[in-house]
Amino acid sequence: MRSHLAASVAALGLFAGAAHAQDLKFPIGEGPFSWDSYTEFADAHDYSGETVSITGPWTGPRAAQFEAAIAYFEEATGASVNYSGSDSFEQDIVISVEANSAPNIGVFEQPGLVADLAARGQIAALDTETADWLSENYASGDSWVGLSSFAGAEGDKQLFAFPYNIDLKSLVWYSPLAFEDGGYEIPETMEELKALTAQIAEDGGTPWCIALGSGAATGWPGTDWIEDLLLRTAEPEIYDQWVTHEIAFDHPDVIAAFEEFDWFLKDEYLNGGRSNSATADFRDSGAGLFAVPPECYMLKQGTFMPSFFPEGTEVGPDASFFYFPSYAEKDLGDPVLGAGSLFAVTEDSEATRGFIEFLKTPIAHEAWMAQSGFLTPYGAANAEVFPSDADRELNEILTDATVFRFDGSDLMPGEIGAGAFWTGMVDFMTGDDAESVASDIEDRWSSID
Amino acid sequence: MTNIAGKRAPLVWAMHVAVFLLVVIWLVPTVGLFVSSFRDRDQITVSGWWEAPFAVENSGYGRTDADAALREGDIWVIEGNILDSAGAEGQFGADADVRLVAFGTSLRRPSEFPAGEVASTEDGERFRVEADGTYRVELPEDPGDRAPRIYFTAQTPPSFTLQNYGTVLTAAGMDRAFLNTLTVAIPSTVIPILVAAYAAYAIAWMDFRFRNLILAAIVGALVVPHQLALVPLLRLHQAVGIGQSFLGIWLAHSGFGLALAIYLLRNYMAGLPRDIIESAKVDGASDFQIFRRIVLPLSFPALAAFSIFQFLWTYNDLLVAKVFLPSNETSRVMTVKIADDLLGSRGGDWGILASAAFVSIAVPLVVFFTMQKYLVRGLLAGSVK
Amino acid sequence: MPPVLQGLLTIAVGVGGCIGYFYLANFIVDAVIFPAKGRNANANLRRADAVRPWLFLFPALFLLVLYTWYPVVGSFIRSLYDRAGDDFVGLSNYAAMWREGGQRAFLNNMAWVVIVPAMSTFIGLIAAQLTDKIGWGNFAKSLIFMPMAVSFVSASLIWKFVYANDPDIGIINAVRYALGADSTVDPLQIPIWNNFFLMVILIWIQTGFAMVILSAALRSVPEETVEAAIIDGANPFQIFFRIQVPQIMSTILVVWTTITVLVLKVFDIVYTMTGGNFDTEILPSFMMDFMFRDDGRATAVAFVIMVAVVPVMWWNIRQARSEKR
């Protein structure tokens with residue numbers, strides 16, 4: 001705290017605020033980390049005095065975790081990394097790329113946006129060794145390479161981004177204490193989940209915390225519900241065609257998924273009712289699970305959610321999760337919805353390339369794994385560093401997934417997946433019917449195709 | 001005029017009351033922000049800022065201490081203080097002046113029984129919890145390592161803290177944003193003044209062709225929405241190599257503020273006494289000298305008014321900063337910081353939001369209250385004919 | 001170089017550059033090109049005087065044209081091209097924008113343009129009249145004027161403490177609970193009304209401005225007209241609305257138009273309070289949805305705002321001309 005203040009005072013006094021060395025979260029050489037990979041990397045790379053700037057969508061605790069992870073890159077190479085997170089990252093990155101003031105690396109959660117920028121020649125392609133590395137070292141590596149490869153300005157397909165930090169979306173978080181107190185069992189099927197929802201409401205409790213609020217990105221948590229439900233009510237092929245606009249956005253199967261979601265959106269099932277859910281901030285919604293008395297019992301959200309649980313909440317004893325189940329009556333397997341962050345080079349430099357190399361070291365993954373809310377398909381990263389069994393279980397879901405689908409809203413073009421779909425979910429939450437919401441989005445999509 | 005009202009006492013009273021109400025309505029939201037910025041996070045979520053001086057009720061729970069279980073006849077008894085249990089201590093602090101008002105045996109009903117009463121459960125367990133947190137639990141069986149939990153509702157005295165400000169100024173990065181805001185606002189205020197002053201003098205006191213046309217162009221420019229400028233000008237900045245940068249935003253703000261500056265200064269200068277200027281001309285002073293020695297010093301009130309205006313405007317701007325500055329931590333100004341970072345990442349942390357807002361309005365408020373005289377004068381010069 | 005230093009340097013270069021420019025330009029005109037001596041002394045003096053205004057004006061005009069008038073043209077041209085900026089598409093950006101939410105934003109914006117200036121001016125007028133007549137009026141005035149100093153973003157945050165959908169944060173819901181309601185409402189989600197709640201924030205900010213100016217105008221109303229009315233037996237309301245208000249009508253119009261222009265620029269409030277959701281989109285916030293994703297449409301929206309401002313601009317210019325000097 002003091003050093004930060006001193007830096008500001010120095011800046012006031014017209015001196016450059018020198019980047020102060022960050023304390024490393026996990027001391028080098030201790031614990032089950034792959035320190036060999038760290039030393040090896042540190043020996044091979046020296047970028048003293050250079051700066052790598054990164055912007056991404058993570059703010060608050062997520063940003064702090066990422067910063068703690070990149071501290072190892074700084075320590076190893078002597079470079080300094082400036083990370084800035086913004087809720088309107090999707091807009092900001094486009095503006096700054098236009099203005100030639102792009103950061104070295106952008107952290108994209110939307111492959112669609114990377115594709116846009118790559119096609120305009122505003123992203124530097126990664127080399128083929130990196131592509132080979134990904135397909136060899138990441139679980140289902142080829143699909144990650146496929147996801148991160150786009151047509152460049154000359155129309156040739158190249159690898160443009162490096163996936164790092166994967167989220168599982170198909171999870172429901174709950175408080176074991178509250179479940180024990182109410183005598184509730186973990187549901188194995190969607191039918192049981194619905195029965196449990198009704199049961200909790202009948203007992204006078206509120207089953208769900210659903211919160212769509214997320215600053216400039218308000219609405220996106222709703223898109224995950226639609227996608228997960230679509231994967232559970234229709235064939236995966238329908239999903240694939242839907243995200244690529246081979247079928248209309250308001251295809252009957254999609255409308256049906258909206259209607260399924262609507263079943264959960266009864267006022268008595270939601271903390272604060274439907275109108276509160278439309279604006280409540282998703283980052284605060286976790287607190288409701290642990291309130292006394294509980295404000296809600298279940299929260300459907302991705303792997304990163306524990307970062308936003310109240311301070312001191314431990315995954316395992318205080319907070320736990322179960323797989324968002326599929327219908328017993330439908331034979332569609334157990335699909336998993338996920339998302340990931342793609343690191344793309346928006347302003348090339350030697351140190352930037354070095355940073356991408358750093359992401360190939362196990363330590364880069366372990367440094368975040370050991371905090372919380374981080375999963376990786378990288379087999380060489382030691383699963384022992386996960387802070388809890390829960391995290392290990394999550395990672396296994398990821399590495400074992402058979403039907404794995406990437407978050408659809410992230411695959412759609414920015415104006416839909418990071419625009420119309422979000423606001424559509426807010427409209428739906430506040431009472432618009434499924435057909436009109438879906439057909440509005442379809443109109444918008446067909447007008448930009 | 002006061003005398004007519006003076007004759008009607010009720011009317012005077014009505015006026016006082018009306019103004020008082022108006023002031024209250026105008027102040028209440030800001031007071032709410034101010035009070036909240038000093039409150040504890042735990043207190044903000046359970047009681048409104050208007051209840052800040054009173055104790056708040058929070059619910060919590062703790063597990064009774066199984067190690068302390070003693071056998072008394074055929075029952076097991078645990079005694080201890082629930083506020084000392086691990087869970088409760090974290091929430092309420094070890095030595096806070098906390099008083100239990102009620103307790104319960106189920107998570108759902110933390111205030112089922114008033115403190116001091118005895119509660120019996122269906123399983124034959126008996127609980128007694130006092131206001132100071134001491135409890136006596138009687139169990140029919142050996143609890144083993146699964147001692148029962150006690151849920152309770154406790155009153156905590158009001159607490160005020162500077163913690164929010166500490167967090168905002170250090171961890172949340174508002175210190176940097178504050179510097180950035182000043183870095184944007186000060187040059188954006190200073191640069192256009194001189195440029196505008198010369199132009200205003202020319203329009204007010206010099207004769208040349210197209211003067212009316214130029215005045216019309218300036219008056220028209222007063223109302224041109226900044227939105228129009230965003231796309232073409234960012235492209236222009238990019239083309240000349242300025243891009244998104246402080247230099248870019250200084251130029252943009254200066255350009256946007258120029259119309260108002262010229263207009264205000266010209267109105268003021270045109271009102272200066274004609275004979276001073278003409279006698280100076282007769283004495284052989286050039287326009288350049290007249291401007292420097294006579295008009296500029298005399299125009300100080302108008303210059304001050306414009307400076308305040310422009311400073312407040314650039315300091316408070318969100319739109320121009322979002323477009324002309326890079327959106328990274330090192331150059332984000334306070335408005336962008338609040339709107340794009342804090343409102344999201346600290347959405348429910350009202351104390352933090354409130355103190356961040358207060359940090360951001362502190363400077364304008366000081367400027368405003370110390371320079372109000374000039375501001376009002378400038379406003380009048382600009383709009384009252 | 002840290003931005004603070006850069007800033008000081010820019011101030012120095014900017015101010016120094018200006019002074020240098022004006023001084024040098026004058027010197028060159030007076031001493032080099034048209035020296036006021038020799039055979040052509042008189043003619044040169046005349047020519048120098050003809051050139052000097054343009055010397056004074058040049059930097060200002062250059063910036064003004066570049067930053068205000070060029071964008072009007074630049075934006076309009078850009079709005080006729082497609083999203084990539086390569087193909088001429090005529091007015092189709094306008095048509096598409098209108099179809100997809102632009103209509104709603106336009107209608108909301110029109111409501112803002114009518115209601116905010118009207119309410120600010122009206123409340124400001126009443127406040128001016130009342131505060132002028134009581135002892136602590138000046139104190140009351142500065143408190144009502146205070147929101148002028150606050151950024152729109154902070155103002156929105158301040159009003160979140162009024163509108164929050166939580167009886168422990170938002171005053172509106174607290175009052176509802178105190179009156180016996182048992183569920184919260186989110187004022188920002190009530191159709192149509194939510195627009196009004198957002199406007200309240202801007203009214204809160206702008207009333208002080210209207211009050212200060214109108215108060216000065218009211219004081220300049222000649223005492224005799226008021227006294228004559230008193231002798232005629234008019235009551236205070238008649239005096240105010242029949243005698244005083246008509247005499248300051250031109251000032252009221254100035255205040256009104258100034259606020260109108262401001263309303264058309266403000267996007268911050270909608271951006272921070274609702275992000276344009278719940279049918280509260282207005283043109284400036286609607287434009288941000290497209291900014292740099294689809295510049296064709298963004299500039300089309302901006303140009304619609306420009307067109308909406310034109311009547312005010314025309315009126316302003318006419319006013320300025322009629323005053324002469």
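This is a predicted model: local features need pLDDT of at least 70, side-chain atom pairs count only at pLDDT 80 or more; totals for chains, interfaces and linings use all residues.

Trainee: Let us start with A:Asn165. What makes A:Asn165 count as buried?

Mentor: The cut-off for buried is 20 or more other C-beta atoms within 10 Å. A:Asn165 has 27 C-beta neighbours inside 10 Å, so A:Asn165 counts as buried. You can find A:Asn165 in strand E6 (residues 162–168) of chain A.

Trainee: And why is C:Ile192 called exposed?

Mentor: Here the cut-off is 12 or fewer. C:Ile192 has 10 other C-beta atoms within 10 Å, so C:Ile192 is exposed. C:Ile192 sits in the loop between helix H6 (171–178) and helix H7 (193–219) of chain C.

Trainee: Which peptide bond joins A:Val292 and A:Pro293?

Mentor: A cis peptide bond, with omega about -15 degrees. Most peptide bonds are trans. A:Pro293 belongs to the loop between helix H14 (282–285) and strand E8 (298–300) of chain A.

Trainee: Now helix H2 of chain A. How do you know that its buried residues are on the same side?

Mentor: Within helix H2 (residues 35–44) of chain A, the buried residues are A:Ser37, A:Tyr38, A:Phe41 and A:Ala42. They cover an arc of only 130 degrees around the axis, so they lie on the same side of H2(A).

Trainee: Which elements make up chain C?

Mentor: Chain C has 13 helices and zero strands. Of its 325 residues, 48% count as buried.

Trainee: How does the radius of gyration of chain C stand against that of a compact globule?

Mentor: A compact globule of 325 residues would have a radius near 20 Å, but chain C has 26 Å. Along its principal axes, the C-alpha trace of chain C spans about 95 × 70 × 45 Å.

Trainee: How many residues of chain C are in contact with chain A?

Mentor: Contact needs C-beta atoms within 7 Å. By that test, 17 residues of chain C are in contact with 24 residues of chain A. On the chain C side, the elements that give two or more residues are helix H1 (3–33) and helix H3 (92–131). The residues on that side divide into seven nonpolar, six polar and four charged.

Trainee: Last, chain B. Where does the "transmembrane region" annotation fall?

Mentor: That label comes from an unreviewed UniProt entry, and the stretches it covers include residues 213–234 and 246–265 of chain B. In the model, residues 213–234 are 77% helix and 0% strand, with the end C-alpha atoms 28 Å apart. Residues 246–265 are 100% helix, and their end C-alpha atoms are 27 Å apart.

Trainee: And how far apart are the C-alpha centres of domain 1 and domain 2 of chain B?

Mentor: Domain 1 (56–156) and domain 2 (165–383) of chain B have C-alpha centres 62 Å apart.

Methods. Residues are numbered from 1 along each chain as its sequence is written. Chains are lettered from A and ligands numbered from 1 in the order in which they are written. Domain bounds come from an automatic or database domain assignment. Helices (H or I, at least four residues) and strands (E, at least two) are DSSP runs, numbered from the N terminus. UniProt positions are given in the numbering used here, feature names are shortened, and annotations may be inferred rather than shown by experiment. Two residues are in contact if their C-beta atoms, placed from the backbone, lie within 7 Å. Ala, Val, Leu, Ile, Met, Phe, Trp, Tyr, Cys and Pro count as nonpolar, Asp, Glu, Lys and Arg as charged, and the others, Gly among them, as polar. The radius of gyration is taken over C-alpha atoms; the globule rule is 2.2 Å times the number of residues to the power 0.38. The arc is that of the directions from the helix axis to the C-beta atoms.
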